Amino acid sequence: MICSQELVNESKRSITVGDIISKKILNCPPSTPVIAAAEMMWKSRCSSIVITDHQVLLGIWTESDALKLDLVGDPQAIFQPVSSVMSKPVKCIDQHASLEKAERLLQIERIRHLLVIDSDVQPVGLLSQSDLVRAQGVEHDLLLRDISTILKRPLVMLDAQLPLPRAIKKIRDAQVDAAAVFYGEGSPYGIVTERDFLKTIATQQTESCVGEIASSPLLMQPGHLSLMQARTIFDQQGFRHLGITDRNGQLVGILSFSEILAGIDHSHVDDLRNALRDRRIALEHSQENLHLAQQVIKASRDGIMVTDAKGFIQSVNPAFTRITGYSAEESIGNTPALLKSGRHDTAFYQKMWSAVHNDGYWAGEVWNRRKNGEIYPEWLSINAIRNHKGEITKLAAILSDITDRKKSEEQIKNLAYYDVLTGLPNRRLFHDRLKVAIANAHRHNHLLGMVFIDLDLFKRINDTLGHSTGDQLLVEVAQRIQNEMREGDTAARMGGDEFTLLLQEIDDADAAVAMVHRVINAISRPITLANNTLYITASIGISIYPYDGNNSETLIRNADTAMYRAKDDGRNSYQLYTATMNATSLEHLAMESNLRKAIKDQEFTLHYQAKVMAGSGKVTGVEALIRWQHAELGYISPALFIPLAENIGIIPELGDWVMQTAINQCREWIQMGMDGFRIAVNVSARQLIQSNFSEQVIAMLNAAEVAPHYLELELTESALMERPDDVVPMLTALKSRGVHISVDDFGTGYSNFGYLKRLPINKLKIDLSFIRDVPTNQDDSELVSAMIAMAHKLSLSVVAEGVENRQQVEFLKRHQCDELQGYFITRPMPAKSIEPILLAGSFPLEN
């Protein structure tokens, strides 16, 4: 019995030269003129002609031999007998020879044609290199190699006006069989080949210019194309040459069909053939396993369903019938929709099928309906099966009934992972979610916030009103915290009066701070329990991954440290954890050289927050806000390093950097076509008291070619009043040049409208501490409306900062506030991120 391997080898040995040859042989007597021989070859579409005399083989003349004619020295050469230019003797091969033998003979003799003979030494056909390329079975080698690996011959470029005889001489001298023809800039290249020359001989056009007889355009392909793709193009287009381009699209060479055969790595091809043989044997074994697989599917305890690409069921196994109640006959031809329970909305299924088609896989819990109407949970996994073109042809689904498991899991989950009193996740579940969130943040390069909350003086309430009231208070606080959480974030009770928050995928620390503000406000609202109105506050600490730790233990510990810092600072507040909370890092941060190095190493960046008109939403400008991402300590709040810079006396240098960077950014935006905006820069008291401050500002503007009216200086009330006799004249000079002057954080300092009349200012910025509770807090609301009215009496415009919700917007619009700034409009963001808002020119306040 012959095994499969022997059959494969026998099949390969059975392919001989005689199986692939062209049986068409063109011949002529030796006296035939070259021009006549060429005409016979051209009309017959043959690349060679055999010269015989009374059936005796004398030689062969081919298209490549035609290139050897010297028409420059002898224009009459096309009329000489073909026997004088033929190649001899004729290289022959037996029709029963192997393809490998023919291939070696062509390479050794450096020829492209072999005359095939029978056992009586009579011609039976011609074998060309092209025949071998198509029949050798070298597709795998051709697929693995690209054109650039065999493109060795030089590119010959001919001017279209060059006389044909001289063009042929250049091709002959370069020992190539084709050349590119250049028609002029902007025109496609042409190509002239030995076959084109043969045609000119046959049609007596040898005195033409090369551009007249060339084929155009030259089909060009990139050099990274595989040899298999090149061969396919040759076969489909009927071409024998391709122009090859480099990565810049420049023509670098010409590939001929025959070069493919010459460039094949035959030892590699043998290895591939052996690998394919082993693969075929393995496929035979797989046939034996197919029956076994079918038996396994039938015996599987999981339901299995196979559909076509459109979702129509094609087959199900017995377990599918047992789980769903639907027989194979009832299922096949239907869609899986017959199992829908109605518990999932359209978005759920859209997301599921989107994952299947985009990722090729989806798995998750699904509620389905059995034939008897019972709704049950199942674990469903769907795999897309694709063909060799990447098209989905089938979908395979595996479903498991998890009714009993869900019941057990729910009981265990409630006991092990949730706080019995508040229903929030407990310490264990929070730790698990935090670890998963850290892994996800690391994988996708996201930030996450860890928030630690401790209720202030809770023990006093517990001891005074009893544990029952204390428990009710904890339940109410838990609900208030939960109401402020975003979808996907986690609030947990760690025990006692301690809560934690996990904030996933935040943009920056400011996002965590904004959430904490909402939680503080929610907790501080009065709570009525058992006829007692209770007021509770919280101290909160925040740590940010990865700046404040890269594992759950460190993040929780650092948030806890920050929380105690908040308690030390008087409670009912929050603190961001920074490395300044430990003595060693504080020493490093407090060093003047560290801050100077940060400027030198460009560790500082500017973010920008938009300002808009309260009435129309028109963008009026941005405020430049400095940010510091320390190489070792991570994100450092401006509230920490700016006072430090003032204390060690380098705030003027830091302020100059901010001013210069903001003005340069302003220039870029102006060059982009933006206009009608101002860029606001905060100025410290130490900068203001510099004797040449106004001259420095104007010099920076002039150097950047930015008009002064684009700049707005924001100064605190305390800075203005520190040395008013020096500051007022300097600000007056700047204002006269067109620079705008604003009083920042108004209401937190002197808050005296009387002194404002003496100052050369344009506007007031009401501090966010007053805006935060409007319109719900009557005192703050009345104070803000009074500030706006008084400012307008003094012909000053008003900016409200810290605007975070629509109610605040409506209140401020109603009281004629001029401009708005805050998270409701935009968060501080890098220049590139805020550019679309500036280009748009307005913000839709009504949305």
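## Backbone features and salt bridges in a predicted model

R45 is exposed, with a relative accessible area of 53%; here exposed means over 50% relative accessible area, buried under 20% and partly exposed in between, computed with a 1.4 Å probe on protein chains only. The structure is a predicted model, in which local features need pLDDT of at least 70 and side-chain atom pairs count only at pLDDT 80 or more, while totals for chains, interfaces and linings use all residues. Residues are numbered from 1 along each chain as its sequence is written, and side-chain values use heavy atoms, with hydrogens and water left out.

**Backbone**

R45 has a phi near 55°, a positive value in a residue other than glycine. This residue belongs to the loop between α3 (34–44) and β2 (48–53). Helices (H or I, at least four residues) and strands (E, at least two) are DSSP runs, numbered from the N terminus. N572, which is not a glycine, also has a positive phi, of about 50°. N572 is placed in the loop between α22 (552–568) and β24 (574–576), and it is partly exposed, with a relative accessible area of 39%.

Two cis peptide bonds can be described as well. One runs from K88 to P89, with omega near -10°; P89 is in the loop between α4 (63–66) and β4 (92–94). Another joins V774 to P775, with omega near 0°, and P775 is in the loop between α32 (768–771) and α33 (778–793).

**Salt bridges**

A salt bridge is a side-chain nitrogen of Lys or Arg within 4 Å of a carboxyl oxygen of Asp or Glu. The whole structure contains 25 of them.

| Pair | N to O distance |
|---|---|
| R195 and E63 | 2.6 Å |
| D456 and K567 | 2.8 Å |
| K763 and E712 | 3.3 Å |

R195 and E63 form a salt bridge that links distant parts of the chain, as R195 is in helix α9 (residues 194–202) and E63 in helix α4, 132 residues apart. Both R195 and E63 are buried.

D456 and K567 form a salt bridge. D456 lies in the loop between β18 (447–455) and α19 (458–465) and K567 in helix α22, so this pair ties together parts that are 111 residues apart in sequence. D456 and K567 are both buried.

The salt bridge between K763 and E712 ties together parts 51 residues apart in sequence, because K763 lies in strand β31 (residues 763–766) and E712 in strand β29 (residues 711–716). K763 counts as buried at 4% relative accessibility, and E712 counts as buried at 2%. K763 and E712 also belong to a network of salt bridges, whose members include K611, E623 and E801.
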